[in-house]
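Hi,

Here is the structure I promised to send over. Have a look at it first, and my notes follow below.

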Amino acid sequence: DKFKECKHIEPAKVILEPLSSAIFDVTEELKRGKKLIYFARTIARIKDIYVELCQNKDLKKCGFGAENICISFSDTEENIKRAKEMFFKANEAIPQIQLDVDGIIDQMKVVREQLEQESLLPDDVKILITTSTLKEGVDIKNSDVKDIFAESMVPSTVKQMAGRLRNGVGCLRMLYNSEVS
């Protein structure tokens with residue numbers, strides 16, 4: 001029975017909160033010096049969160065910058081091309097940020113390889129923004145990564161996401177979209 005062989009992670013605290021407050025809460029946690037994992041629904045959301053964090057003046061005052069953010073998604077050629085286009089468009093729309101698009105993708109590959117080989121995020125990465133691509137098959141053994149933001153309300157998906165933090169989850173924030181479609 002494989003179920004008994006699996007390590008089961010139970011978050012110490014689970015919070016349901018609207019997606020609209022996520023960036024504020026992420027910013028507050030980063031200002032407190034916490035390291036976070038953020039599971040976004042799409043590559044477009046990854047880009048939006050990345051750009052918002054890079055522009056955040058409060059985080060800049062704390063010495064936080066683009067070098068502290070890592071992204072991850074299924075790195076197919078098509079996805080990488082799409083992500084680069086989105087980040088280049090962000091550079092055009094917000095000239096003052098000027099993101100190093102190739103550097104963002106290179107860092108993603110290096111960190112992904114480190115996660116696969118050592119199960120550790122680099123010390124300078126304060127937030128990993130990923131799609132569900134990392135919800136299975138990758139362990140994160142950093143003892144200082146305890147909090148997850150998840151853009152999902154699907155219990156089985158969120159369980160898999162929480163299971164990535166092998167030293168336990170302090171706070172799992174399940175983000176819901178309160179907009180009516």
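Strands β2 and β5 pair in the parallel sense, over 5 bridges. Strands here (E, at least two residues) and helices (H or I, at least four) are DSSP runs numbered from the N terminus, and two strands count as paired if DSSP finds at least two bridges between them. Before you go further: this is a predicted model, so local features need pLDDT of at least 70 and side-chain atom pairs count only at pLDDT 80 or more, while totals for chains, interfaces and linings use all residues. Residues are numbered from 1 along each chain as its sequence is written, and side-chain values use heavy atoms, with hydrogens and water left out.

Back to the strands. Y38 stands opposite F149 in β5. On to β6: β5 pairs with β6 in the parallel sense too, over 4 bridges, and D147 has C171 in β6 as its bridge partner. Strand β5 (residues 145–150) is largely enclosed by the rest of the structure, because 5 of its 6 residues are buried. By buried I mean under 20% relative accessible area; exposed is over 50%, and partly exposed is in between (1.4 Å probe, protein chains only).

Leaving aside neighbours within four places in sequence, K35 is in contact (heavy atoms within 4.5 Å) with residues including D123, N142, D144 and D147.

S119 sits in the loop between α6 (101–118) and β4 (127–130). Its relative accessibility is 12%, so S119 counts as buried. Not counting residues up to four places away in sequence, S119 touches Q114, D139, I140, K141 and N142.

Y176 lies in strand β6 (residues 171–176) and has 32% relative accessibility. E52, in helix α3 (residues 43–55), comes in at 36%.

Cheers
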